[in-house]
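Hi,

Here is the structure I promised to pass on. Please open it alongside this email and follow along.

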Amino acid sequence: MITSTSNQKVKELLQLKKKAKVRNQEGVFIAEGSRMVLEAPKDRIRQLYIADSYDKKHGKELKKQGFSYEVFSDTVFEYVSDTKTPQGILAVIRQLDYKIEDMLQKENPHILVLDNLQDPGNLGTIFRTAEAAGVTGILMSKDCVDIYNPKTIRSTMGAAYRMPFLYLDNILEGIRGLKAHNIQVYAAHLEGKHSYDQEEYRNGTAFLIGNEGNGLRKEVADLADTWVRIPMEGQAESLNAAVAAAVLMFEVSRQRR
């Protein structure tokens, strides 16, 4: 059992938790909590760590399922944990690897394109919602928040393991590539000419969703075939990015049912 916070493995975990650069250099990320660890593809789990108290309750079951793990004292586990009330289990997992072809191989793809999203909770919520709405894949500008941020990973509730995604070095080229595959591109925009539910989404569809505070960058929005708006009552100027994305994604789902 590891009982010291100065242990090398503890130091390495803290670096992985805090620094995207280290995660990307190592090609791994941290998933914490029973659901996030046990839903992870088993062949991608590089290391598994559990708290002493978790070992006493669930260690035998983990071994039955073929897991090998290392044990931290509860104090050390709390030290490396990213949550206020740790569940006592975390894993170092190899990063996922998708290509845009993974998103386009289905008939009539349903794609989400995210431009400069910055909130980990928003991104995680979008992943969960996208899975529920039958989205084919998520493309992100390279300046979007890191999907492998521990808070983002937790908030995906496992959807990050199942939803194909890709960061784009050049989001404009990525959008042009979608259009070349006959995918109709819609920008969620306050100046949209039509309400979102006046459009037809049964064929290949992509939605552009912008930054929480500033919306879509002009050069991104200008590549859309159509700008659509979500009609709103009261004095609200705009919706949360994740909520707006949910409204649009589920309209596609509704039409395709």
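This is a predicted model: local features need pLDDT of at least 70, side-chain atom pairs count only at pLDDT 80 or more; totals for chains, interfaces and linings use all residues.

Seven strands form an open sheet with parallel pairing. Their order is β7-β6-β5-β10-β8-β11-β9. The edges are β7 (165-168) and β9 (194-195). Each has a single partner strand, so one side of each has no neighbour in the sheet. The partner pair β6 (residues 137-141) and β7 is joined in the parallel sense by four bridges. For a landmark, find methionine 140: its bridge partner in β7 is tyrosine 167.

The helices on it
Helix α7 (residues 120-133) lies across β5 (110-114), β6 and β7. Its run makes about 155° with β6. Helix α11 also packs on the sheet. There, α11 touches β5, β8 (184-188), β10 (205-209) and β11 (226-229). The angle between the directions of α11 and β10 is about 170°.

The core
The largest nonpolar core holds 69 residues. Those with the most contacts inside it are Phe72, Leu112, Leu114, Phe127, Ile138 and Phe165. Helix α11 (residues 241-256) gives the largest share of this core, with seven residues. A second core is separate and has 19 residues, including Ile111, Leu139, Ala206 and Leu216.

What does leucine 112 touch, leaving aside its neighbours within four places in sequence? Its contacts are Ile126, Val135, Gly137, Ile138, Leu139, Phe207, Ile209, Ala245 and Met249.

Best wishes

Key. Residues are numbered from 1 along each chain as its sequence is written. Side-chain values use heavy atoms; hydrogens and water are left out. A nonpolar core is a set of buried Ala, Val, Leu, Ile, Met, Phe, Trp, Tyr and Cys residues joined through side-chain atoms within 4.5 Å. Buried means under 20% relative accessible area, exposed over 50%, partly exposed in between (1.4 Å probe, protein chains only). Helices (H or I, at least four residues) and strands (E, at least two) are DSSP runs, numbered from the N terminus. Contact means heavy atoms within 4.5 Å. Two strands pair if DSSP finds at least two bridges between them. Axes are lines fitted to C-alpha atoms, for helices over the stretch in contact, and angles run from 0 to 180 degrees between N-to-C directions.
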